[in-house]
Amino acid sequence: MSPRRLIFLVLSFIAFNPSNAKQEQPFSINIDNFLDKIYLWGGEAQSQILISGPLVLAGVLCFIASAISSAGGIGGGGLFIPILSIVAGLDLKTASSLSAFMVTGGSIANVMCNMCITSLKFGGKSLIDYDIALSSEPCMLLGVSLGVICNLVFPEWLITVLFAIFLAWSTSKTCRSGLMLWKSESDQIKKIGVDELEKGLLENETVEERKVLAVGHVYKENNEPKDVEVPVPLLSSQGNRKVRIPWLKLMVLLLIWFSFFSVYLLRGNRYGQGVIEMEPCGVGYWILSSVQIPLAVVFTAWIVFRKESLRDRTPMQEITDVKVTAITKNRPSNILLFPSMALLAGILGGVFGIGGGMLISPLLLQVGIKPEVTAATCSFMVLFSATMSALQYLLLGMEHVEAALILAIMCFVASLLGLLVVQRVIRKYGRASIIVFSVSVVMFVSNVLMTSFGAIKVWTDYESREYMGFKLPC
């Protein structure tokens, strides 16, 4: 059977449910019925979750999507929502709530692995850049809130066009970066061989720049110490190397998370659902919403101007006479660059209805952050935004909690599997560009799915002569 015919049969199975048809009515293919079935993802689909063939198929697809997304450190919400809506036939609200739990499960797996892994190539530090996360998280959370308001105001066609343009640009840029990195790695393989590349010689610097001084000394015959150069492996999770966790930075991040989460709970949503009684879109609602602006400004200013005191003090920092390929080597000097990027990613994520990880990851790659650090840092940042969304759904009376937990565990396992496979491939072949390509794949598929179904929804609204202009947020 050809792939085209197989795809046609799968789409026909999703679009038509024989149990809903009359028995005397012959089976026929109706393109309008198929489009109407797809359009149900916008809010008219079934809200009950029943075990069925399409649901099992959606679970398998989400498992694969989570494994691929974990390699790039992005949440995967841009894949989960269309899969659950189209394949499983769930309504958009249910799919969004389940997606928040699925992203949370995958992010927990990513963060657990990345916090336990150190890299000598990056000065013996964890792959997570806590400084980037600290300076970006407040503005990203603020941007998400602003983006949600824009999502309510903007017409559907404008959101679809903006999503298609930005994702297409990000995908092309990320794919180009991946190809350039792949070419650089191939040149390194030709020059120094695969055996040396497996030891961590991955980037564009020379072999001499890939070595750091060993901690300690080897003595000559006259008992004078001399420095020894040791090849740097890409990843190290050996038990004799202690993982240094910056508890102060983690506490600051938790304080930021709790501050914004408290505002969200007190404010509730625009329908008045919150922990306290409040008029929907009333004065109190907008006052609490505006509190997020000074919160983000104060936290960002405090973090940026006290960055030196929050920086890790590791033994490797005492070695100043050797050029180390550290995490911060290619980091831009503009202290407001990361907050600005996070604000943009948060706004676009709120407008498009997806997480900011998919949007900030290509931006970090474009400014020169290494793929391994980008993936680990993005997954760490996604954990905070995903847990905030999941807890909000849970505390505001979410249905299908059991199904959400099952899907979260499934994505946890899938993310672990994806991380193990990617790390093994990087160790074996020295190809960090795999991370960049995985981000490109997720963004491309998400762009195709979300843009296609957004266009179908816009066309349906046009045919039904619904209002397609700008709207009030309430």
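Leaving out its neighbours within four places in sequence, I360 is in contact (heavy atoms within 4.5 Å) with M140, A342, A345, C378 and M381. I360 also belongs to the largest nonpolar core, which has 85 residues. A nonpolar core here is a set of buried Ala, Val, Leu, Ile, Met, Phe, Trp, Tyr and Cys residues joined through side-chain atoms within 4.5 Å, and buried means under 20% relative accessible area, with exposed over 50% and partly exposed in between, for a 1.4 Å probe and protein chains only. Along with I360, the members that touch the most others are M102, F260, F352, L359, L364 and F380. Helix α14 (residues 371-395) gives this core its largest share, 11 residues. There is also a second, separate core of 5 residues, and A71, V422, I426 and I435 are among them.

Before going further, a word on what you are looking at: this is a predicted model, in which local features need pLDDT of at least 70 and side-chain atom pairs count only at pLDDT 80 or more, while totals for chains, interfaces and linings use all residues. Residues are numbered from 1 along each chain as its sequence is written, and side-chain values use heavy atoms, with hydrogens and water left out.

The pLDDT, the predictor's confidence in each residue from 0 to 100, has a mean of 75 over the protein, and 71% of the residues reach 70 or more. Over residues 6-31 the pLDDT is below 50, and this stretch has 16 contacts in the model beyond near neighbours in sequence. Residues 37-47 are also below 50, with 32 such contacts. Where pLDDT is low, the predicted coordinates should not be read in detail.

Now for the overall picture. The secondary structure comes to 16 helices and 6 strands; these are DSSP runs numbered from the N terminus, with helices being H or I of at least four residues and strands E of at least two. Of the 474 residues in the protein, 48% are buried. Among contacts between residues at least 6 apart in sequence, 76% join residues at least 24 apart.

Two single residues round out the tour. N110 sits in helix α5 (residues 92-115) and is buried, with a relative accessible area of 4%. Not counting residues up to four places away in sequence, N110 touches S70, S379, S415 and L419. L265, in helix α8 (residues 247-267), is buried too, at 15%. With the same exclusion of residues up to four places away, L265 touches G274, V275 and L395.
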